[in-house]
Amino acid sequence: MEVTYQNNQARTRIIYGETVASMLRKKNLENKQILFCGNQRYYDLYAEKLRQFVPKTSSHDWFIIPNNRYCNTMVNFQELIYFLDRFSRQKETLFLGIGNEGVIELLGFVYHVTTFQAELCFLPVSLRSFAQSLSFVDQIVSDKNLMTVMEIQEAPQSILFDHTLADQQTTGKMVDLLTLIRCGVVSDYSFLQSLYRNFPTREALLQHSFSAFSQTLIDYYQSDSEQLREFGKVFEKAFFQTEKGSLLSNSMKTMFGLLFELGWNVTTSNLHFNFKNFMIWLVRLGFPIVVPKGISLADYGQQVIALAREEPLLGLEQIGRIGTKKIPTQKELLRTFEAYQKIVTEIRGE
């Protein structure tokens with residue numbers, strides 16, 4: 001299926017519901033120099049398969065970056081800029097990014113600042129990288145603490161999304177579900193309820209295809225992309241500033257960021273939402289809900305407040321509806337963490 005997607009004043013062409021092979025066969029790759037930019041994992045899996053679609057009249061090369069979520073660092077940005085010196089600026093170029101959110105952001109940023117006659121195309125491999133490609137916002141982050149160094153807005157000419165790549169994942173599929181949960185929390189409570197019904201257990205989640213959610217994700221990001229991108233982000237970033245925050249993987253930082261921002265809204269705004277039942281559902285799906293003991297929530301809360309002064313948080317008027325931006329107080333966060341820890345203790349039967 002092909003749709004035209006518009007975000008603010010920019011637009012792009014999205015093709016989904018087909019395999020990568022089918023979509024690339026339809027794309028004109030004649031007489032081009034092609035830059036494949038991808039994570040090491042996807043180079044290993046797909047380099048040979050993608051090479052067969054490069055015509056004899058074209059040339060191609062790979063820029064390979066680490067598999068971690070925040071591979072859109074200043075060092076990788078500089079290395080990619082140097083790497084592009086081998087490409088002619090007189091020849092038509094295709095920048096093709098295949099991989100996670102970091103790949104999408106890195107290549108989008110490089111495309112924005114270079115002077116090539118080029119087309120930008122994304123091949124996201126998960127729902128979360130698909131969502132990132134829909135945001136049209138790309139950042140370069142520092143190598144040390146992953147704070148934003150530079151940010152631009154850039155729309156790709158095309159996005160080719162093969163949902164079967166996302167369906168092949170296990171742990172990655174759980175993180176993809178967080179992307180859908182965020183849509184329910186920010187944009188549509190009834191959608192969050194439907195996720196609860198469709199994925200009652202981990203087995204159901206891993207067996208169920210995400211193909212039905214491609215258009216859903218497009219619709220929500222078309223109307224609320226900025227809010228969806230921001231929700232949970234400050235709470236996630238704060239872990240990178242907190243001592244022993246490295247005890248959490250990047251995916252767990254994303255999950256706890258979403259959980260704590262939701263919990264803060266429920267606690268401080270008295271939202272009509274059963275947060276305990278929500279967490280019980282996450283446990284059934286296999287998500288970890290216990291914060292490692294080495295992480296001080298008091299220190300973490302201070303980092304949240306410091307970041308929120310620069311990026312105020314999205315207050316929820318109700319689940320599925322955004323209110324006004326706010327900066328949390330120390331007392332509010334203390335109440336949030338106490339309520340959270342109480343629920344964890346009750347769920348674990350301690």
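Student: Before we start, what are the helices and strands here?
Tutor: Helices (H or I, at least four residues) and strands (E, at least two) are DSSP runs, numbered from the N terminus. Please also note that this is a predicted model.

Student: Where is leucine 146, then?
Tutor: Leucine 146 sits in the loop that connects strand S7 (137-141) with strand S8 (148-153). Its phi is near 60°, a positive value in a residue other than glycine.

Student: Is leucine 146 buried or exposed?
Tutor: It has a relative accessible area of 16%, so leucine 146 is buried, the limit being under 20%.

Student: What about the phi of asparagine 270?
Tutor: Asparagine 270 also is not a glycine, and its phi is positive, at about 50°. This residue belongs to the loop between helix H12 (250-269) and helix H13 (275-285). Asparagine 270 is exposed, with a relative accessible area of 66%.

Student: Changing topic: which residues touch the most other members in the largest nonpolar core?
Tutor: That core has 75 residues, and those with the most contacts to other members are Leu177, Ile181, Phe260, Leu262, Phe275, Phe278 and Tyr340. Helix H7 (residues 171-187) gives the most to this core, namely nine residues. Apart from it lies another core, of 24 residues, including Ile65, Phe77, Phe116 and Ile152.

Student: What is leucine 262 in contact with, leaving aside neighbours within four places in sequence?
Tutor: Its partners are Val185, Phe231, Phe273, Phe275, Phe278, Leu316 and Ile319.

Student: How many aromatic pairs are there in the whole structure?
Tutor: The search finds 30. In one of them, the ring centres of tyrosine 42 and tyrosine 46 are 6.3 Å apart with the planes at 0°, so this pair is stacked. The two residues are four apart in helix H2 (residues 40-51), which means a separation of about one helical turn. Both tyrosine 42 and tyrosine 46 are buried.

Student: And what do phenylalanine 275 and phenylalanine 278 form?
Tutor: They form a stacked aromatic pair, with 6.2 Å centre to centre and 25° between the planes. Phenylalanine 275 is buried at a relative accessible area of 9%, and phenylalanine 278 is buried at 8%.

Student: Which residues do ring pairs link into a cluster?
Tutor: The cluster consists of Phe235, Phe239, Phe256, Phe260, Tyr300, Phe337 and Tyr340.

Student: Lastly, where does the charged end of arginine 69 sit?
Tutor: It sits over the ring of tyrosine 70, 4.2 Å from the ring centre. Lysine 173 lies over the face of phenylalanine 210, at 5.2 Å from the ring centre.

Technical notes
Residues numbered from 1 in each chain as written. Predicted model: local features only at pLDDT ≥ 70, side-chain atom pairs only at ≥ 80, totals over all residues. Heavy atoms only, no water. Core = buried A, V, L, I, M, F, W, Y, C linked by side-chain atoms within 4.5 Å. Buried < 20%, exposed > 50% of the residue type's maximum accessible area, 1.4 Å probe, protein only. Contact = heavy atoms within 4.5 Å. Phe/Tyr/Trp six-rings, centres within 6.5 Å; stacked < 30°, edge-to-face > 60°. Lys NZ or Arg CZ within 6 Å of the ring centre and 35° of its normal.
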